[in-house]
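Reader: I have not looked at this structure before. Please take me through it by question and answer.

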Amino acid sequence: MSLTGKNILTIDCEDFLELPAFKDLKHNADLNKMIDNQVSAILKELHDANDTKATFFIVGEIAKRNPDLVKRIKEKGHQLGSHSLKHKKAYKLTKSEFESDLKESLQQISKASGEVVECYRAPMWSYKPKMKWFWDVLSKNKIKYDSSIFPISSMMYGNPKALRIIHRINGIVEIPPSTFRILGINIPFSGGIYFRILPYGIIKYFIRRLRKKCNQPIIMYFHPWELDPKLVKIRKISPLYKFVLYHNTKNSMKKFRKLINDFDFTSIEEYSEISV
Ligand SMILES: [Zn+2]
């Protein structure tokens with residue numbers, strides 16, 4: 001059932017145990033098996049929800065390690081994007097380091113899928129306005145769509161002054177995750193910990209109100225690990241990380257299922273085709 005028009009669904013494919021919270025963790029977990037199970041569960045949910053399509057931003061190292069997974073995502077009709085090579089924050093790289101990171105990630109994803117990659121999302125929304133070269137490097141590497149700017153104020157990322165709707169920056173289409181504005185403050189709700197904390201009724205209300213007010217697609221983002229009800233438990237992490245990474249992961253797949261059945265979602269590519 002569709003409560004509004006088409007919206008955009010994005011999935012950031014990254015390894016849970018490679019996140020900064022676990023940088024000192026020694027493990028012998030099978031990362032391929034973990035990401036494979038998590039992504040397969042999402043592919044099944046999308047198929048069951050009227051064959052919903054999404055854009056999968058993939059870490060290049062995963063494509064290198066597990067080309068079959070990338071191929072499978074593509075064969076199901078989803079769009080592929082880059083989520084960097086090793087999930088390192090973009091603002092910590094120099095221009096040339098960023099460019100070689102981007103290039104190799106694009107190569108790995110294309111090699112695995114045979115597809116030209118036109119979308120990019122920086123790990124952990126790590127774009128900063130001082131990175132003036134960012135847009136030139138993306139253009140030079142044939143990126144048409146970027147989704148690296150979260151228009152919120154938070155401890156770790158975001159720019160509350162950034163535009164909240166789809167817009168162009170130096171010719172590249174910028175697709176920011178949706179936010180709901182209350183009393184001049186942009187409230188995040190469209191993925192990650194925000195989606196897991198908020199009751200589904202509030203998320204549904206935000207989506208309907210925003211659609212009515214702006215007539216723009218809602219842009220949502222998810223990580224395969226946060227939709228894993230059996231997410232591996234690592235105890236030795238700070239209480240803050242514990243909260244951010246684990247809060248409500250047990251129930252988030254159920255919530256995700258409701259979302260993709262209540263609203264119409266598609267990939268960036270498909271959305272662009274129908275809206276142009
Ligand atoms: Zn990420």
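Predicted model: local features only at pLDDT ≥ 70, side-chain atom pairs only at ≥ 80, totals over all residues.

Reader: Where is Trp125, and is it buried or exposed?

Author: Trp125 also has a positive phi of about 50° without being a glycine. Its place is the loop between strand S4 (119-120) and helix H5 (134-140). The cut-off for a buried residue is 20 or more other C-beta atoms within 10 Å. Trp125 has 24 within 10 Å, so Trp125 is buried.

Reader: How many helices and strands does the chain have, and what radius of gyration?

Author: The chain has ten helices and eleven strands. Its C-alpha trace spans about 45 × 40 × 40 Å along the principal axes. A compact globule of 276 residues would have a radius of gyration near 19 Å, and the chain agrees with this at 17 Å.

Reader: What share of the contacts in the chain with a separation of 6 or more joins residues 24 or more positions apart?

Author: Of the 276 residues, 41% count as buried. Among contacts with a separation of 6 or more, residues 24 or more positions apart account for 76%.

Reader: Which residues have the most contacts inside the largest nonpolar core?

Author: That core has 59 residues. Leaving aside neighbours within four places in sequence, Cys13 is in contact with residues including Ile35, Val39, Phe56, Ile58 and Pro224. The residues with the most contacts inside the core are Cys13, Phe56, Ile58, Val70 and Ile109.

Reader: How many of the eight residues of strand S1 (residues 6-13) are buried?

Author: Strand S1 is largely enclosed by the rest of the structure.

Reader: Which strands pair with S1?

Author: S1 runs parallel to S11, joined by three bridges, and Ile8 stands opposite Thr266 there. S1 and S10 pair in the parallel sense over four bridges, with Thr10 opposite Tyr221. Four bridges also join S1 to the parallel strand S2 (residues 55-58), where the bridge partner of Asp12 is Phe57.

Reader: What span does helix H9 (residues 249-262) reach from its first C-alpha to its last?

Author: Helix H9 has 14 residues. At 1.5 Å a residue the expected span is 20 Å, and H9 comes close to that, reaching 20 Å.

Reader: Why do the buried residues of H9 line one face of the helix?

Author: The buried residues of H9 are Ser252, Phe256, Leu259 and Ile260. Seen down the helix axis, they line one face because they fall within an arc of 85°. In general, an α-helix has 3.6 residues a turn, so residues three or four places apart point the same way. For H9 the value to note is the arc of 85°.

Reader: What covers the buried residues of H9, and which exposed residues are on the face turned away?

Author: The cover includes helix H1 (31-48), helix H6 (192-197), strand S10 (219-222) and strand S11 (264-266). The face turned away from the buried side carries the exposed residues Asn251 and Lys254.

Key:
Residues numbered from 1 in each chain as written. Helix = DSSP H or I, 4+ residues; strand = E, 2+ residues; numbered from the N terminus. Expected span 1.5 Å × (residues − 1). Buried ≥ 20, exposed ≤ 12 C-beta atoms within 10 Å, placed from the backbone. Arc of directions from axis to C-beta. Contact = placed C-beta atoms within 7 Å. Rg over C-alpha atoms; globule rule 2.2 N^0.38 Å. Core = buried A, V, L, I, M, F, W, Y, C linked by C-beta atoms within 7 Å. Pairing = 2+ DSSP bridges.
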